[in-house]
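Have the sequence and the 3D view open as you read.

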Amino acid sequence: MSSKPFQVPWIDFLERLIVGADKEWLRRGLLVGLVGLAYSRALSVYFLGDDWTIFYTPGIWSFSETHTLFRPLPAWTMQGLYAFIALRMPWVYHLASVLLHTVVPLLLSAIAKRLFCASLLVLSAALLFGLRFAHADPTYWLAAVDSLLERVCSRAALLSSLPFA
């Protein structure tokens, strides 16, 4: 007889597989896979709403005196993508957004690992953040690439300021 009142064999197997201390690569792969899969629909989306303004408004991604927005990192990101593929393949722009969004839960899991050191709590926090569809707008909407880059940079800065556990 088991000491657990309700036991499902495959759940015990998954728990041992995911929570094991030497399985950090598996947790990260699971996190990236689930978040990437959840947002993979973005790859089939064409340009939305005012996405066209980032390509056709003069000076919006340049640093001219007529335009008051100075956001160099999003500008360089969009200029770099445009230089390679122009507007031929919209899915590449969305792939970049999905990849940026996938990096955020990875950084969040590293932050949670340094703060809490509990594997299941770390994975749960990162999955809750990564799979929450409140983050879908910047992932589907190319004009919001600055929001994704801000998330990545702020989490990376926070992670670099925490001491190693």
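## What lines the cavity

In this predicted model, the lining of the largest cavity is made up of 3 nonpolar, 1 polar and 3 charged residues.

Helix 2 has the largest share, with 4 residues. The volume of the largest cavity is about 50 Å³, and the count of cavities of 30 Å³ or more is 1.

## Nonpolar cores

Now for the nonpolar packing. The largest nonpolar core holds 19 residues, and those touching the most other members are Phe 47, Met 78, Tyr 93, Leu 100, Leu 142, Val 145 and Val 152. Helix 4 (72-85), helix 5 (90-116) and helix 8 each supply at least two residues of this core, and helix 5 gives the most, with 6 residues.

There is also a second, separate core of 11 residues, with Tyr 39, Ala 42, Ala 126 and Leu 127 among them.

Across the protein, pLDDT averages 76, and 75% of the residues score at least 70. Confidence is highest in helix 8 (residues 145-161), at a mean of 89, and lowest in helix 1 (residues 9-19), at 57.

A friendly caution: where pLDDT is low, predicted coordinates should not be read in detail.

Methods
Residues numbered from 1 in each chain as written. Predicted model: local features only at pLDDT ≥ 70, side-chain atom pairs only at ≥ 80, totals over all residues. Heavy atoms only, no water. pLDDT = per-residue confidence, 0-100. Core = buried A, V, L, I, M, F, W, Y, C linked by side-chain atoms within 4.5 Å. Buried < 20%, exposed > 50% of the residue type's maximum accessible area, 1.4 Å probe, protein only. 1 Å grid on protein atoms, 1.4 Å probe; cavity = no way out; pocket = protein on both sides within 12 Å on 5 of 7 lines; lining within 4 Å. Points joined across faces, edges and corners; volume = space filled by probe spheres on them. Nonpolar A, V, L, I, M, F, W, Y, C, P; charged D, E, K, R; others polar.
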